Amino acid sequence: MVTVTLLGTAATMPLPDRALTTALLSWGGRSLLFDCGEGTQAAAMKAGVSLSRLEAICLTHYHGDHVFGLPGLLQTIACQGRTAPLLLTGPKGLEQFWAVMRLLAGPLPYQILLADALEQPLWFEGGAELSAIPTKHRVPSQGYCFHLPRAGRFDPDRARALGVDVRDWKRLQRGETVNGVAPEQVCGPARRGIKVIFSGDTAPCPTLEEAARDADLLICDATYDQEELAPEAARYGHSTFRQSAELAARAGARRLWLAHYSPRIKEPEASLPLARAVFPAAECGFDGKSISLRFEEG
Ligand SMILES: [Zn+2]
Ligand SMILES: [Zn+2]
């Protein structure tokens with residue numbers, strides 16, 4: 001099961017009921033944080049989720065509305081006694097960005113490991129994979145694709161016929177080779193896993209569309225609601241409600257959550273029909289919105 005919680009949905013500046021766009025994704029007792037706007041810690045407490053078991057913090061770009069919560073969060077994690085290293089990934093310029101942040105965060109009792117998820121996907125226990133997606137903003141930027149794979153169906157009869165001890169079946173199901181028997185010999189073809197996409201700030205672009213193909217959930221830039229603001233969206237490297245919905249439809253995504261609303265949008269729900277006209281499954285993200293995605297039956 002993969003749980004996704006929006007901690008914020010604002011662009012540019014926080015509002016009383018809207019923190020800056022940040023999301024937490026959790027599976028199997030681990031979690032990833034996408035962006036870390038000012039107020040992320042308070043937003044997590046409000047949403048009732050913990051930031052103490054983070055595997056990685058994944059930054060989409062270094063605009064202030066996406067990163068100003070980072071030094072404070074790193075300090076809090078230090079106070080909680082963390083000693084395990086923490087991965088930090090982001091687009092080009094990560095080293096320079098971190099050089100500034102580390103001064104603000106002060107000495108930490110754990111290591112920060114810088115990772116380039118664009119060059120090489122990050123792998124986590126259980127086979128989960130996080131890869132970066134090049135996006136189209138005014139500065140170097142990237143979205144993220146999280147994929148939790150699902151092994152093929154285990155065939156106990158074949159395992160028995162090959163002489164595998166029942167006590168070793170779990171190891172085969174986890175992908176290990178046991179006494180010369182490979183998992184492929186006793187498992188069917190891989191089944192559909194769970195895929196979640198976090199766009200960050202971006203204009204519609206083919207790389208995001210490709211990554212969102214058949215995604216279970218796409219969390220997408222929807223800075224502007226009205227379509228007549230499309231030229232402004234293009235100028236600043238953002239998307240409109242309708243553009244995000246069109247991208248979700250072309251990609252065949254299963255769900256779309258709009259996020260990163262301009263402070264000018266007072267009630268995102270009022271403009272939701274603009275997105276639903278092209279992608280009926282579109283929903284407005286809001287702070288604290290959460291979903292648990294499970295493997296499909298079968
Ligand atoms: Zn932004
Ligand atoms: Zn930005």
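The radius of gyration is taken here over C-alpha atoms, and the globule rule is 2.2 Å times the number of residues to the power 0.38. For a chain of 298 residues this rule gives a value near 19 Å for a compact globule, and the chain, with 20 Å, agrees. The structure is a predicted model, in which local features need pLDDT of at least 70 and side-chain atom pairs count only at pLDDT 80 or more, whereas totals for chains, interfaces and linings use all residues. Residues are numbered from 1 along each chain as its sequence is written, while chains are lettered from A and ligands numbered from 1 in the order in which they are written.

The chain contains eleven helices and 14 strands, defined as DSSP runs (helices H or I, at least four residues; strands E, at least two) and numbered from the N terminus. Seven strands form an open sheet of mixed pairing in the order S7-S8-S9-S10-S11-S12-S13; two strands pair if DSSP finds at least two bridges between them. Strands S7 (122-123) and S13 (282-284) are the edges, each pairing on one side only. Within the sheet, S10 (residues 191-198) and S11 (residues 217-221) run parallel and are joined by three bridges, with Ile-197 partnered by Leu-218 in S11.

Helix H10 (residues 241-251) is largely enclosed by the rest of the structure, because eight of its eleven residues are buried (20 or more other C-beta atoms, placed from the backbone, within 10 Å of the residue's own). Among the buried residues of H10 are Phe-241, Arg-242 and Leu-247. Gly-252, which follows H10, has a positive phi near 70 degrees. Across the chain, buried residues account for 43% of the 298 residues.

Terms used: A residue is buried if 20 or more other C-beta atoms lie within 10 Å of its own, exposed if 12 or fewer, and partly exposed in between; C-beta atoms are placed from the backbone.
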